[in-house]
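Here is a briefing on one protein chain. Please look over the structure first, then read on.

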Amino acid sequence: MAVTRQLFKTLADNLINSVFADFTNTWSFESINRVSDGQGGYTETWSTFATVNRGIVELKLGGEIVESTMDATKIDQNEVFMFQYEEIAGVTNDMRINYKGEFFNIKQIKRLVDVDVFTIVEASRGGAQ
């Protein structure tokens, strides 16, 4: 029996609904818009590209990077989060994630090969790219 994309998507939805009840997080993908400022430059603003209504957010790895010089010590958070959700066409590495008012820079997008059902995005906490 051949499994069509629609059948696979239906099976995946049923699995998510029954097994993965913790798909309860919501976030949005934001894309950057560059608008001419009329003086030869441009202004950058972020706008919502798409909203995920059911997904999982997990801390993949975390830690701190400590850089010391004679003048100061700098501590940076080194956290990578995994955002898992139903596939949304058009999401790219140039976008950012807005999750609970915090911004995450997209590092990597992992999609199942030849199946447009489920996606995992790795992102790090931070401001605009």
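Y99 is buried, at 12% relative accessible area (buried is under 20%, exposed over 50%, partly exposed in between; 1.4 Å probe, protein chains only). The model is predicted: local features need pLDDT of at least 70, side-chain atom pairs count only at pLDDT 80 or more, and totals for chains, interfaces and linings use all residues. Residues are numbered from 1 along each chain as its sequence is written, and side-chain values use heavy atoms, without hydrogens and water.

**Aromatic rings**
- Seven aromatic pairs are counted (ring centres of Phe, Tyr and Trp, the last by its six-membered ring, within 6.5 Å; planes under 30 degrees apart are stacked, over 60 edge-to-face, the rest tilted).
- F83 and Y99 pair edge-to-face, with 5.8 Å between centres and 85° between planes.
- That pair joins strand β5 (residues 80–86), which holds F83, to strand β6 (residues 96–99), which holds Y99; 16 residues separate them.
- Y99 and F104 form a tilted pair, because their planes meet at 55° with centres 6.3 Å apart.
- F104 is buried, at 2% relative accessibility.
- One aromatic cluster takes in W27, F29, F81, F83, Y85, Y99 and F104.

**Fold**
- The chain has one helix and eight strands (DSSP runs numbered from the N terminus: helices H or I, at least four residues; strands E, at least two).
- Along the sequence, the order is α-β-β-β-β-β-β-β-β.
- Of its 129 residues, 30% are buried.

**Around S31**
- S31 sits in strand β1 (residues 25–36).
- S31 is buried, with 17% relative accessible area.
- Leaving out residues up to four places away in sequence, S31 contacts T45, W46, S47, F49 and M95 (heavy atoms within 4.5 Å).
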